[in-house]
Amino acid sequence: MAAVLQALLSASEKAANIARVCRQEAPLFELLVQEKTGADKNKKFVQDFKTLADVVIQEMIKHDVGKQFPELVGFISGEESNKFENGLGESVTVRVCDTPRETAALLSAVLDGNRTAASLLAQAVHQDLEVSDPAAASLQLDVSPDSLGVWIDPIDATSQYIEGREDVEAQDGLYPGGLQCALVLIGVYLRASGEPIMGVVSQPFAHKDPGGQGWRGQYFWGVSYGNLNVSSLPRPEAPSQEALAVVLSSSEKEPVKQALAPQCGGRLHYASGAGYKILCVALGLVDAYVVSEGSTYKWDSCAPHAILRALGGGAVDLGQCLSGLAEHGGRPELKYHLPRAGCQGAERWANEGGIVAFLDPTRLKRVISALLGKV
């Protein structure tokens, strides 16, 4: 387990660096954007974009983790298709080649022959980056890699990454938008049960260097398996305030906002990115994240869900909670191994019933009580 976690941490840090490298070439950034269509389009947004950074990060993680753990090959899945269309209308299948030179040649085809940008990106993909994390390295747990599956969201909150706002101010510790909301998410689940057991969340744009050296990142991880619950985050204290603090998407339904507002006493927040909003719960900035529709996906929630579990919380299916299933079968935690029957494309992996992510079970009960009969 320690070796798997170390591999994911290294991959996540490489991913964060790639995200930063892509943004440093501002004149080329427009070349990196392609609009999704058809089954890959997220129904929540009028325009839903993927970037070359998304695709390259996803394929790098697949390559690096799969190379170290061949048992995982075929069970590492991500949000993005690895097909990319260049300015000439040519379709290029993005992958990590054996050498930086070969990868640069492939990426040059995507970048309309821009060899400088392609070489810079290839160097970031092939860099030898190791993360030193003694707590992660010391984990003692015997889990076979051939029992695991991996979900990747290479850049969650892609729209914020594309827009690239650096001037957004935090409100009670939360960023409503901006580069801080863009995260790299890598979650691990058990193939047999779908239970999330490990998560790594990297924030590439956590802090702007005051010395003008660009952005610095940070990462968080958690492992929850059997009796082992360990995280890079401290275990939270019990809530000290009576009022709830809840984070939503600004596009959330009005009945949900109206039902929760009286419980929050002015602590109803809005932020971008499903992964970022769940991370805000894990950081103790809010008590819960609520989304009432199936507009999030397994790659959005798997990694931060595992961290929440390691801290004593979780992420449940809101629809099942409201229908009363929670009373008879315990908390309906999200699972990650089975696609939705009869669906195509991204919708096969939607969190159909919505989500409540939480740290304290008593706060979860209050959220569900407030929403009963209102949604």
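The legends below describe several close-up views of one predicted model.

The model is predicted, so that local features need pLDDT of at least 70 and side-chain atom pairs count only at pLDDT 80 or more, while totals for chains, interfaces and linings use all residues. Residues are numbered from 1 along each chain as its sequence is written, and side-chain values use heavy atoms, with hydrogens and water left out.

**View 1. The largest nonpolar core, with Ile61 and Tyr161.** A nonpolar core is here a set of buried Ala, Val, Leu, Ile, Met, Phe, Trp, Tyr and Cys residues joined through side-chain atoms within 4.5 Å, where buried means under 20% relative accessible area, exposed means over 50%, and partly exposed lies in between (1.4 Å probe, protein chains only). The largest such core has 63 residues, of which Ile61 and Tyr161 touch the most other members. Among the elements that give two or more residues to this core are helix 1 (2–24), helix 2 (52–68), strand 6 and strand 7; helices (H or I, at least four residues) and strands (E, at least two) are DSSP runs, numbered from the N terminus. Helix 1 gives the most to this core, with 12 residues. In soluble globular proteins, nonpolar side chains tend to be buried together.

**View 2. The surroundings of Tyr161.** Leaving aside residues up to four places away in sequence, Tyr161 touches Ala19, Cys22, Arg23, Phe29, Thr51, Ala53, Ile155, Leu179, Ala182 and Phe205, where contact means heavy atoms within 4.5 Å. A second, separate core of 39 residues includes Trp151, Tyr189, Ala303 and Leu308.

**View 3. Two residues with positive phi, Ala157 and Asp172.** Ala157 is not a glycine, although its phi is positive, at about 65°, and this residue sits in the loop between strand 6 (148–156) and helix 6 (158–163). Asp172, which is not a glycine either, has a positive phi of about 55° and lies in the loop between helix 6 and strand 7 (183–190). Ala157 counts as buried, at 12% relative accessibility, whereas Asp172 counts as exposed, at 59%.

**View 4. Salt bridges, including Asp209 with Arg216.** A salt bridge is counted where a side-chain nitrogen of Lys or Arg is within 4 Å of a carboxyl oxygen of Asp or Glu, and by this rule the count comes to 13. In one of them, the side chains of Asp209 and Arg216 meet at 3.0 Å, N to O; Asp209 is buried, with a relative accessible area of 13%, while Arg216 is exposed, with 52%. In helix 7 (residues 254–264), Glu254 and Lys257 are 3 residues apart, about one turn of the helix, and their side chains meet in a salt bridge (3.4 Å, N to O).

**View 5. The network of Arg340, Glu347 and Glu352.** These three residues are linked in a network of salt bridges, in which the side chains of Arg340 and Glu347 meet at 3.8 Å, N to O. Arg340 counts as partly exposed, at 24% relative accessibility, whereas Glu347 counts as buried, at 18%.

View 6. A search of the whole structure finds 0 disulfides, a disulfide being a pair of cysteine sulfur atoms within 2.5 Å. The sulfur of Cys181 has its closest cysteine sulfur in Cys280, 7.4 Å away, which is too far for a bond, and Cys181 counts as buried, at 0% relative accessibility. Cys321 is in no disulfide either, since the nearest cysteine sulfur, that of Cys264, is 17 Å away; Cys321 is buried, with a relative accessible area of 9%.
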